[in-house]
Amino acid sequence: MWVVFSWVMTLGLPGSVLSKFGIREIQQQAWREKVALCGIAFVLSALTIYFIIFFNNQLCGPKLLAGSIAANAWGGVIVRGTMYKAYTASPPFNTLFEQNDGNRGGADVTQVFQLDTPASCTKPAVSKYAFATLPPECGSDCLNLADLAKFNFLKFETVVGTKENVTVSPIPAFEWNEIKRRRYVVLGQRVINLTPYFNQYPTPIANDPVDDFLRNAQRTGDGTILASKVEQVTDDVLQCLMEKYNVGVVSQLPMACIVSQLFSIVLTAVVLGIMFVRFFMALFFSYFASSKLAKEPSRVFNYYANAKAPKSLFNELEGRPVTPFGERFHSTDLGVAALRKRANAVSPVPHPSDLYTVCLVTCYSEGVHSIRGTLDSLAATDYDDRKKLLFVIADGLVKGSENDRSTPEIILDMMEHDPMFGANPKPNSYIAVATGSKQHNMAKVYCGSYIVNGRAVPMICVVKTGTPDEASTAKPGNRGKRDSQLILMNFFSRVALNDRMTPLDYDLFRKIHHITGVTPDFFELCLMVDADTKVQKGCLRYMVNAMHNDPSIMGLCGETRIENKRHSWVTRIQVFEYFISHQMGKAFESIFGGVTCLPGCFSMYRIKSFKDGNMMPVLVNPDIIDEYSTNEVYTLHQKNLLLLGEDRFLTTLMLKTFPKRKTVYVPQAICRTTVPEDFKTLLSQRRRWINSTVHNLMELVKVRDLCGIFCFSMQFLVFMDLLSTAVLPATLVTTYYLIVASIFYTNYADSLVNILMTSTLVLVIFLPAFLVLLTGKRLNYVLWMLIYLVALPIWQLILPVYAFWHFDDFSWGETRKVVGDDHGHDDQASFFDGTRIALKRWDEYEREWRRAIVNSHLKQQ
């Protein structure tokens, strides 16, 4: 259905035509889907603009009631819809018009004046009817309205008040009871007086449908609905009637206008309600809920510290059987002893709540300063060094455009290698996220420690080297960040489920066990950070506390602040955007336990959980891994999910797989990251983020089991976020329109709807400032907010429009530049031979390894 719709939206243009415009065959379906999505966004934006600017005006018409004079104003007379002051005119005109209408003012004296025939009544399609050519009743005694001006016969423009004169409109306004009493007729909001017509034609005119219409309207008093049922009553006919027989307007708004205003009020109330709920819930989370999450847990459950629980799923290793050499010895003794020898008393005191945590750092083209800053901050965290593992992955043999060495060389120079395995391990195979022959990749596993300030932290470094066939390519081994994450996820999944392992998995198992002293199944948490992120000292402790305090949490993130906030105007406009996305966006979502994006630069996941002594994989759940490791994507939707926003898609998968579990935000855990410093890089980054957001929200809105019900559900909020993202440019356009209208349009404030729209706008813009003030944390962020508001056209117009039109661009653009970039991890022309990668269980690998040791020992004898 979607494919057919995308073809319709692109007018069914054949592929040969698209090829002539430079759109290759492999890109054509994505281009069609992009046009379809942009078309949907355009329609939604047009509806938004129409509703805010035109909807109420169209149903209510011009503001005819603005300051109108009462129809029975004393001393006034009506001439073709305008009230004149007869009592102030010079004699004899002050008594010329007899006010004999029940001692009320506002008599219609149009028939005593010689007035020009309205242009609408001279059209051939109208003038053929009798009502259009009715002459005035005064005959040769008609007065000239223009001549009476010199006798002070003027329009009603002021009314004498008790304190000061009040300016009014000379258009008479009739109440319904007055309309019925005078036997006038209503057309829309206009009131017409057909008495002169019926005086001239007291009996029906044969074969005149308009005459029939007028007589029926006279009986009912309202011809608005009746006019739509008579074919001959055209717009020109109605225009002639309202100009020739006009006496004023209805003092009450028409029903259509009332309905439109009620609809606008209800919708505004819903928008304001959602906004205030988000605001106060974010405040509640900031003041109360977040502190309860981050506090030191009162109860600590450590599965592996439980005496009744087995020490490991791999009991042979943990039991340390006697080796063929006749002594109780294992290589782990070397690794742990070496670490303890290098560490000194500055290492943090172990805490009962400390869980074994792996800190994943994915690297691509970062420089020495960035990588060292990240590793230093992780190693210096206030956490037991023996229970955290630095797990660094270098995504291929690549060199950043500003580096003098390749990324793997930079990392390896920072770590101290363990003598047991040396500094040049052999590469091992694994199944990568790619297509064709590139699914076969190889990587080297280095083990050792990272030393900072006298503290030695266990460290594993995985370097993707690629197969020998790709040694001469631009980026050997490079398969992307998602592949790096899946190296770790697949490994811990196979460990948790005792599933078949690749050679790389077994190599990781041996070296992690060697350097940490425990088998990898002891690890329960995974902290993922980018290689340009610096975490604060206590962040790991706060995150682990939250995992203890709420076992239903499966993932969480901390607050990301900007490291280079003053480096350029581009970094300055991002400061408040980062602040509000955390303090209001993620804080509010945390109340529902559904943070929709755990950023890859700083997030923690629960590898597995325990209930009633049973282990349940969470991050490493096979369902999550299977979908996250999809290597063949065909639709634009799949490509935006998997190729642009891996971090957000991983969060989406976890919420889809475990809708009853939680993803939350822990503001006490803080990190700092480097953001784009030039506009070109920012444009590239936000293109990926915006497009990934749209497609992930499209996935989440289909999940029905999320927290809450109806308007108070996470599903409804996801839908509102998706809708607001699609109409973001239109929202800004209407915002500026309302601002300009409120300043330069004098009658703007006469409409209740306009007042509501403007008030909503002001609250939406300045409510974040109150959040800054009420939280009392960083008052200087009010200044950053002003900078953000100046740059609002960039955030809500330029970036979204650019991103929408580049829905079919799946590259990373300017975000990461390397030497010899070839822009791809695919090789669809070649075939992947899965038999080249051995898959065995741990015990099979272990027997082979021990058999090799025995054979080597026998040969030496």
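I started at Thr-374, which counts as buried because its relative accessibility is 1% (buried means under 20% relative accessible area, exposed over 50%, partly exposed in between, with a 1.4 Å probe and protein chains only). I am working with a predicted model, where local features need pLDDT of at least 70, side-chain atom pairs count only at pLDDT 80 or more, and totals for chains, interfaces and linings use all residues. Residues are numbered from 1 along each chain as its sequence is written, and side-chain values use heavy atoms, with hydrogens and water left out.

**Entry 1: around Thr-374**

I placed Thr-374 in helix 13, residues 368-379 (helices are DSSP runs of H or I with at least four residues, strands are runs of E with at least two, and both are numbered from the N terminus). Leaving aside residues up to four places away in sequence, I found Thr-374 touching Val-361, Val-529, Asp-530, Ala-531, Asp-532, Thr-533 and Lys-534 (contact means heavy atoms within 4.5 Å).

**Entry 2: the whole chain**

I then stepped back and noted 28 helices and 25 strands in the chain. Of its 861 residues, 54% count as buried. Among contacts with a separation of 6 or more, 78% come from residues 24 or more positions apart.

Next I looked at an open sheet with the strand order 3-2-4 and mixed pairing (two strands pair if DSSP finds at least two bridges between them). Strand 3 (82-85) and strand 4 (107-108) stand at the edges with a single partner strand each, so one side of each has no neighbour in the sheet.

I followed strand 2 (residues 76-79) to strand 3: they run antiparallel and are joined by four bridges. Gly-76 stands opposite Lys-85 there. In the hairpin of these strands, two residues lie between them, and Arg-80 takes a positive phi near 45°. Strand 2 and strand 4 run parallel, with two bridges, and Val-77 has Ala-107 as its bridge partner.

Which residues of strand 2 point one way, and which the other way? I see Gly-76 and Ile-78 on one side and Val-77 and Val-79 on the other, and all are buried.

**Entry 3: helix 10 against helix 18**

I checked the axes of helix 10 (residues 255-294) and helix 18 (residues 569-591), which come within 8 Å and cross at roughly 80° (axes are lines fitted to C-alpha atoms, for helices over the stretch in contact, and angles run from 0 to 180 degrees between N-to-C directions). The two helices are therefore roughly perpendicular (65 to 115 degrees; under 35 is roughly parallel, over 145 roughly antiparallel, and the rest oblique).

From helix 10, I listed residues including Phe-279, Met-281, Phe-284 and Phe-285, which meet a set in helix 18 that includes Met-584, Phe-588 and Ile-591. By class, this contact has ten nonpolar, four polar and one charged residues (Ala, Val, Leu, Ile, Met, Phe, Trp, Tyr, Cys and Pro count as nonpolar, Asp, Glu, Lys and Arg as charged, and the others, Gly among them, as polar).

Also in helix 10 is Val-270, partly exposed at 38% relative accessibility.

**Entry 4: helix 15**

Last, I looked at helix 15 (residues 481-497), where 16 of 17 residues are buried. Just after helix 15, Asn-498 takes a positive phi of about 50°.
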